[in-house]
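Q: I'm new to this one. Can you walk me through it, starting with a pair of packed helices?

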Amino acid sequence: MKKKKVMAMMLSVLMAATLMTGCGGSDDANGGKSKSEKSDKGEQVTLRFSWWGGDERNEATLQVIDNYEKEHPNIKIEPEFGGDEGYLEKLSTSLAGGQAADIIQNGTGWMPGFVEKGDFFVDFNDYKDDIDLSGFSDEYLDNTCVFDGKLLGLPSGVATTALLVNKTLADETGIDLTKDVTWESLIEMGKKVQEHDNSQYLLNIDTSFLVTNVFRPYIMQMTGKPLIDDDTKKLTCSEEQLVSVLAYIQSLYENHVTQPAGETASFEDALQTNPKWINGDYVAVMTNSSQINNLTAANENVEYIVASMPEMSDKSVQKNDGYYANPPQLMCVNKSGKHVKEAVKFLDYFYNNEDAAKILKDLRSVPPTENARKICEENGLIGSLVTDSVNKGLEKHGVNEMGLTTDSEVESVIKTMIESVKYGESTPDKAASDGISMLNNILSEK
Amino acid sequence: MRLKKIKKYRKKDYMGLVYIAPWLIGFLLLQLYPFLSSLYYSFTDYQFFNDPSWIGIQNYKKLFTTDPEFYNSLKVTIVYTLYTVPGKLIMALFIAVLLNQNLKHIGVIRTIYYLPSLFSGSVAVAILWKLLFMDEGTINSLLTSIHLPKVQWLGTTSTALVTICLLEIWQFGSSMVMFLAALKQVPVSLYEAASLDGAGAVKKFFHITIPQISPIIFFNIIMQSITALQNFTSSFVVTGGGPNKGTYVLGMKLYTDAFTYFKMGYASATSWVIFGMILVITLLLFRFSSGKVYYEDGGDF
Amino acid sequence: MRKIKKNKVLIYLIIALVGVLMIYPILWMFLAAFKTNSEIFGSVKLLPGSWSFDAFVNGWKGTGRYSFGKFFLNTFAIVVPTTLLTVVSCMIVAYGFARFNFPGKKLLFGILIATLMLPNTVIIIPRYTLFNKFGWLNTYLPFYIPALLACYPFFIFMLMQFMRGIPRELDESAYMDGCGTLRTFISILLPLLKPALFSAGLFQFLWTYNDFFNSLIYINSVEKYPISLALRSAIDAEANVQWGQIMAMAFISVLPLMILFFVAQKYFVEGVATSGLKG
């Protein structure tokens, strides 16, 4: 620890010296919103940037990194990317040991948990000179990234849950997903697809998306609230309601709306790698607007549309439509990193630089800053599917669930409940009661 | 001529302490201290970023009463151990006995059989295993080619555990080598005498072979059980603890609780349960073997 | 006579069959590196359709900024010092226990034996917090220091057993010549210990090389990843995994072990055989 302090002191003295000598120099002739200063003191700075994503997103991000490095030859950014499986464990371990990357793509739902555990991330309000936040909507920031008055992350986009439809197959099988969708109609449609051809299914889905696109909205529609109340730290739903949502999920498998659980275990968190999706044997897929590109890229031979997310057929008992727009990820800066200022400046470039906006386009869903959105729209870079799904989400009135509901331990319990029902190893009743017991355990410690 | 007088060195026994000093430091700092600390942590609510605060037996209570995951992991771990330890040792013994005839090319054979043991704990091989047992993997292809049905090795809870056990049993080579060496030490005269008394192969095996190599069998059972109860890598890489936590061994639960959720206190309690199991099994085995394990020199050091 | 022959044939058959089972996965891994994804799945054919080294070349490039060359270097940077430190420290400690009768020896020896069965899981969490306090996380020190401090009772014990087989008269004659304990050790015992040291080194090399759990929790930045962590990240890509490349890298990663084994077979086998037996 002492070593770090000495290093930090040395760095700040160095930086102060740089500023003083470089002060009278040229203003950044960029004209854009980027405030990156050409630091030419030759002080080699290495930043680590960690994120997860599919191929397209990874390549685009790498390109932005390359461009930035070209403009700032003394800054080297080491990319650390992969899939999202195990990302949370890696992030947790590295934060715990003070060894996390400098720039971190973080899970929106994980933030509250991290914030509660410690002071890991930089408050961007303290770095207003290094990053221009004017392009972000204050309301959006307040709702999603501000904790106790501190702006601890920046949204990577505006995203929402999405039901992507292979329209070509839908037409072939006589499924109409252009109308409103209800939970019950999903089952009916599932049966219809199977009757048409029992090697084809309606819905490509995995446990993760069962949590975000079925379980949580279903509960919110019944109770009008997120699963867990952050203030009381208690469940907002009753055991019967929990049983009913698990019974619904079980019925999805019993009615062959989707493939049997065992067959899809290896495609968890990678729905686009399922051969049935690639070969166009699934009518639709539950996903997030930020991943639509992954899915359409896997099979480019068909036409796609975005459907409405399911709601209850009896609207009189529905307390809330259950959907809302949210950042698909948050970008954070590691507070204990050695080059916090440089890291923040990179994010300034990432969000505000025009070229960056064009490269990153909609690979993390609709861009979060006004300028980036304008640039992408002018250049036709945001796919219509992504825009459609986000617009649909923006029209909804769901309550933002970020908090205990999205806590990683809670999510793990929800997944356990879903999996035990999905694999037919437990009845909805038993799964629900086990789940409640586990949740109470966890909540009592929060 | 002057004779140089050579002084004999008088060995001071306390020098031994100097020589074992590194170990002593290592033991105190990196073994005893963590050992006692984890016991302490298990009685606290230690979440890594706060200071440990004493909560008595709450963690253990939670483990044994309100955490359904624990009993599942316990069951999975015990089943895993019960499959792999006997599985490995029976294979090892069986093959060792077979090889203990005067066969040709025994060196090559021993090499081939030992090879898989080289990869004990290897991620590369765990990935290989995952690939082989996937739904469209080679194992299923082989099954279908002989008109047997495909098995969802990694997709069904029960078979996933079998897959992991198979990986471990495949690596029986190191035990086999030990048994072979032990078999070679059994005096042939014993077998000859038994033959004279009219004993058949089976009788010889159970009444001579087994008792003679019982120390090695015993040693192996203990060491293999200790390793099996702490299994982590194969479950983590091949199945990720799934499906539906069907291969979620205690080692994985410990890792997740400690390093994903930072529940160090709770995870320490889990580690002490594992330790408790090891202790119990070791004591039981020692008890069981006291009459049965045959030491040639009477068993003292 | 006939019966014995038939038995022998049966035995050879069983051995051959099981032998195939032993080798098949590794052989498959090697050949898979030459196959395309579609050949890997859904096919019983062992041999690939074409023999291109693409998977090796592309897999070696790795992802991001680091090639597998870097990951290999990292692995060796961990394994080699750890092995050397282990052998040196354990042999010194074994000498202390084997040849000296210091006060408290029985007790300390008992402790040594007890730690043989100390499971890693029960000490890993406090070790982690301790190393964190020292600032050793994301370095290779959590590997080096336990090796330096002879925290491997298995090797100490193994070397001790071996030393007991060396007659004390040799020590005595060295003392007669005026050699101190260290001189005696280096000039008399060490040369005779070589096979055991070599075995110990091989095993520690093997175990450290294959380590995963410790690497997983202690090493955070990709730059420092050993092969085990790099391989594991390679399989959780979000897009289509190129299994041929992964198998290529997996095979290359086990190659050093296999080479080492074939070259030093005797020591492996002897080491395993004698570790369980007395002297």
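A: This is a predicted model. In chain B, helix 3 (residues 68-99) packs against helix 7 (residues 157-170) at an angle of about 35°, and their axes are 9 Å apart.

Q: Is that crossing of helix 3 and helix 7 of chain B left-handed or right-handed?
A: The crossing of these two helices of chain B is right-handed.

Q: Which residues of helix 3 of chain B meet helix 7 of chain B?
A: On the helix 3 side they are B:Val76, B:Val79, B:Tyr80, B:Tyr83, B:Thr84, B:Gly87, B:Lys88 and B:Met91. They meet B:Leu161, B:Ile164, B:Cys165, B:Glu168 and B:Ile169 of helix 7.

Q: How does that contact divide by class?
A: The contact of helix 3 with helix 7 of chain B has nine nonpolar residues, two polar and two charged.

Q: Switching topic: where does UniProt put the "transmembrane region" feature in chain B?
A: The UniProt entry, which is unreviewed, places it at residues 20-43, 78-99, 111-131, 151-170, 213-232 and 264-286 of chain B.

Q: What does the chain look like over residues 20-43 of chain B?
A: That stretch of chain B is 96% helix and 0% strand, with its end C-alpha atoms 33 Å apart.

Q: And over residues 111-131 of chain B?
A: There the figures are 62% helix and 0% strand, and the end C-alpha atoms are 25 Å apart.

Q: Now the chain contacts. How many residues of chain B are in contact with chain A?
A: In chain B, 21 residues are in contact with 22 residues of chain A. The chain B side of that contact has nine nonpolar, eight polar and four charged residues.

Q: What about chain C and chain B?
A: Here 76 residues of chain C are in contact with 77 of chain B. Helix 1 (residues 2-32) of chain C gives the largest share of the chain C side, eleven residues. By class, the chain C side has 54 nonpolar, 17 polar and five charged residues.

Q: Last topic, the largest nonpolar core. Which residues touch the most other members?
A: Of its 214 residues, those are A:Leu347, B:Ile127, C:Cys90, C:Ile156, C:Leu159 and C:Ala250. Helix 4 (residues 68-99) of chain C supplies the largest share of this core, 13 residues.

Q: What is C:Cys90 in contact with, leaving aside neighbours within four places in sequence?
A: C:Cys90 is in contact with C:Ala150, C:Tyr152, C:Phe155, C:Ile156, C:Leu159 and C:Ala200.

Q: Which residues does the second core include?
A: That separate core has 69 residues, among them A:Ile175, A:Leu227, A:Met286 and A:Met438.

Methods. Residues are numbered from 1 along each chain as its sequence is written. Chains are lettered from A and ligands numbered from 1 in the order in which they are written. This is a predicted model: local features need pLDDT of at least 70, side-chain atom pairs count only at pLDDT 80 or more; totals for chains, interfaces and linings use all residues. UniProt positions are given in the numbering used here, feature names are shortened, and annotations may be inferred rather than shown by experiment. Helices (H or I, at least four residues) and strands (E, at least two) are DSSP runs, numbered from the N terminus. Two residues are in contact if their C-beta atoms, placed from the backbone, lie within 7 Å. Ala, Val, Leu, Ile, Met, Phe, Trp, Tyr, Cys and Pro count as nonpolar, Asp, Glu, Lys and Arg as charged, and the others, Gly among them, as polar. Axes are lines fitted to C-alpha atoms, for helices over the stretch in contact, and angles run from 0 to 180 degrees between N-to-C directions. A crossing is left-handed if the near helix is turned anticlockwise from the far one by less than a right angle, and right-handed if clockwise. A nonpolar core is a set of buried Ala, Val, Leu, Ile, Met, Phe, Trp, Tyr and Cys residues joined through C-beta atoms within 7 Å. A residue is buried if 20 or more other C-beta atoms lie within 10 Å of its own, exposed if 12 or fewer, and partly exposed in between; C-beta atoms are placed from the backbone.
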